[in-house]
Amino acid sequence: MPLITYIDHKGNAFEADVPVGDSVMQGAVDNMIDGIIGQCGGACACATCHCIVEDAWFEKTGPASDEEKLMLEMSSEMQDNSRLSCQIEVTDDLDGLVVHMPQSQY
Amino acid sequence: MNSDSIAVIIGGSHAASQLIASLRQEGWIGRILVISDEKQLPYHRPPLSKTYLSGEKTPENLLIRKPAVYEKLNVKWLLETHVESIDRATKSVVLGNGERLKYDKLALCTGARVKKLAIAGSNLSGIHYLRNLSDAEAIKKDIKHGGRAVIIGGGYIGLETAALLRKMGMAVDVLVHSSRVLRRVTAGPVSDFFTRLHSQEGIQIHTREKPDSFEGDKQVESVICASGKRFLADLVIIGIGVTPNTELAEACGLPVDDGIIVDEFCASEEDRDIVAVGDCAKHPSSIYNRFLRLESVPNASEQAMSAAATMCGKIKPYAVVPWFWSDQYDIKLQMAGLNDDYDQMVIRGDIDNSRSFVAWYFLNGKLVAADCVNRPQEFRLAQQMLKNGINPSPEELADDNLGVKQLLELIE
Ligand SMILES: Cc1cc2nc3c(=O)[nH]c(=O)nc-3n(C[C@H](O)[C@H](O)[C@H](O)COP(=O)(O)OP(=O)(O)OC[C@H]3O[C@@H](n4cnc5c(N)ncnc54)[C@H](O)[C@@H]3O)c2cc1C
Ligand code: FES
């Protein structure tokens, strides 16, 4: 199962095995990782699952879709590598993925 | 609280799922028992009227958390089990078989149930409601490409379902008792927009139609309205609102008024060992200065966080800006705030000819809500403005030539 590392705003890292086909958001929810809320359950409607993909992985996850971008642009913590984690589907290719979680989601 | 303390949760849906997680996060070291009369562990209800009927998702995809998560959190489940009553004197809940289970802290997460339409013929097959996964499964079996569907009720669930069935190749009529769709939740011009949207997609919306009876042999064949009009139907879905499940609370003497009355910490003032969360609860809103009972996932999950703190002897008041979303065709509607009381509304964007605009609502010059159609940026902006009590003028908000970034500067 792909291993995903979630890093909070203080730099604490949490690792989780997330099944292929789940979203990065679901991985956080199922592992009780604070910092990704996922209020709308992945409907791309709440932006409480904002994450910043570590540079080295951004090519593999790909950039945010237009819809995601519009949701993200209003976040003060938006960066070039920002994604809504509910829109990143976990694949074998993403084994080792590292994402950062913004302070505002605590 | 110690490791022998017992938290009992009645109901196993959105409110319960978050409450369990938050209880552990807040440091509840005692036992957790959840009693739910459904078959499944907590699942997402919103997709039932959005993607689920069209087969895009399986029941497993709908689960809010995986079964293993609850095991890790050491939660005990009594599924398909109904709680009959609460005995506050002995701090126990009573099941259908007479069994009594003790609690130290009790959480009422009983939600709401659909209102039923009691008219002639309502027992015919092919007539459905949509609240639970089992309802959705039953509807799925009756969806036929080329068949006719009649939706009774012009609320979100009715319209979302109508859109789905249309996409799946059914002819759809929507019957609305009042003068317009979404009357309870939005202003006239926004209702008009949705009526136009659905007619552009090939759906007929009929206002001021009151169903009087269903006709058919075993299977429903038509809906007859008080006006005398007859609508042919292979499938009928009724979505005329819900009633909160407050009977347990009322019977044990807790204050109830269209919702179990709680304080800002989700506790009943009558008995602070009992909290109520989600669709069944009525809470005081410091933002709107009145008691509110909301029917939304964000409300259920945020209240659960506050209730969990209360159950652990901590303090975390519930004070958030309500919000809601709905998906129909290529439309994402996101609403922030409450628009049931306003004296001014302005529109940003072209509500008449496009599928992208915002309706801003004001009361006494104060921004109280926004309905955003395919405007996620403005939606997020509205959430921030409402949360921080920021009040740009109606003129500024209505000016679509001012970019969202410029609006953001106004509030910063
Ligand atoms: C089709 C549909 C679409 C929706 N779409 C959206 C949306 O897009 N966005 C949004 O925010 N919200 C949406 N909602 C509303 C949202 O699903 C509810 O607000 C949410 O489910 C409330 O959660 P809850 O836990 O309070 O109650 P519920 O989900 O109603 O759950 C209560 C549970 O308690 C059980 N129960 C009740 N009494 C007892 C008892 N005595 N003993 C044992 N068990 C009991 C019930 O069987 C039920 O399982 C939608 C709802 C539906 C039905
Ligand atoms: S979970 Fe709501 S946008 Fe990702």
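A:Ala13 is placed in strand S2 of chain A; helices (H or I, at least four residues) and strands (E, at least two) are taken as DSSP runs, numbered from the N terminus. The model is predicted, local features require pLDDT of at least 70, side-chain atom pairs count only at pLDDT 80 or more, and totals for chains, interfaces and linings use all residues. Residues are numbered from 1 along each chain as its sequence is written, chains are lettered from A and ligands numbered from 1 in the order in which they are written, and side-chain values use heavy atoms, with hydrogens and water left out.

With a relative accessible area of 52%, A:Ala13 is exposed. Here, exposed means over 50% relative accessible area, buried means under 20%, and partly exposed covers the range in between (1.4 Å probe, protein chains only). The areas were computed by the Shrake-Rupley method with a 1.4 Å probe, and for residues only the protein chains shown count as cover. From A:Ala13 to A:Ala43 the C-alpha to C-alpha distance is 26 Å, for a separation of 30 residues in sequence.

A:Glu15 also belongs to strand S2 of chain A, which spans residues 13–17. This glutamate is exposed, at a relative accessible area of 57%. Together with A:Asp17, A:Asp92, A:Asp93 and A:Asp95, A:Glu15 makes up a negative surface patch. Patches consist of residues with over 30% relative accessible area and no salt bridge; like charges are joined within 9 Å, and nonpolar side chains (Val, Leu, Ile, Met, Phe, Trp, Tyr) within 5 Å. Asp and Glu count as negative and Lys and Arg as positive, while His and the chain ends are not counted. The position of a charge is taken as NZ of Lys, CZ of Arg, CG of Asp or CD of Glu.

A salt bridge is defined as a side-chain nitrogen of Lys or Arg within 4 Å of a carboxyl oxygen of Asp or Glu. The count by this rule is 29 salt bridges over all chains. One of them joins B:Lys316 and B:Glu26, at an N to O distance of 3.0 Å. This pair links distant parts of the chain, 290 residues apart: B:Lys316 lies in the loop between helix H8 (297–311) and strand S23 (323–328) of chain B, and B:Glu26 in the loop between helix H1 (14–25) and S2 of chain B. B:Lys316 is partly exposed at 36% relative accessibility, whereas B:Glu26 is buried at 14%.

In a further salt bridge, the closest N and O atoms of B:Asp257 and B:Lys282 are 3.7 Å apart. B:Asp257 is located in the loop between helix H7 (247–251) and strand S18 (260–261) of chain B and B:Lys282 in strand S21 (residues 281–285) of chain B, so the bridge ties together parts 25 residues apart in sequence. The aspartate is partly exposed, with a relative accessible area of 47%; B:Lys282 is buried, at 13%.

B:Asp400 and B:Arg348 form a salt bridge at 3.5 Å, N to O. B:Asp400 is partly exposed at 35% relative accessibility, and B:Arg348 is buried at 2%. Both residues take part in a network of salt bridges that also includes B:Arg375 and B:Glu378.

Strand pairing in chain B was assigned where DSSP finds at least two bridges between two strands. Strand S2 (residues 31–35) of chain B runs parallel to S3(B) and is joined to it by 4 bridges. B:Ile35 stands opposite B:Leu78 of S3(B). Strand S3 (residues 75–78) of chain B presents B:Val75 and B:Trp77 on a covered face, and B:Lys76 and B:Leu78 on an uncovered one. Strand S10 (residues 148–152) of chain B is likewise parallel to S11(B), with 5 bridges between them. B:Arg148 has B:Ala171 as its bridge partner in S11(B). Strand S11 (residues 171–175) of chain B is mostly covered, with 4 of its 5 residues buried.

Positive phi values in residues other than glycine include that of B:Asn74, near 60 degrees. B:Asn74 lies in the loop between helix H3 (67–72) and S3 of chain B and is exposed at 57% relative accessibility. For B:Cys266, also not a glycine, phi is positive and near 75 degrees. B:Cys266 is found in the loop between S18 and strand S19 (267–268) of chain B and is buried at 1% relative accessibility.
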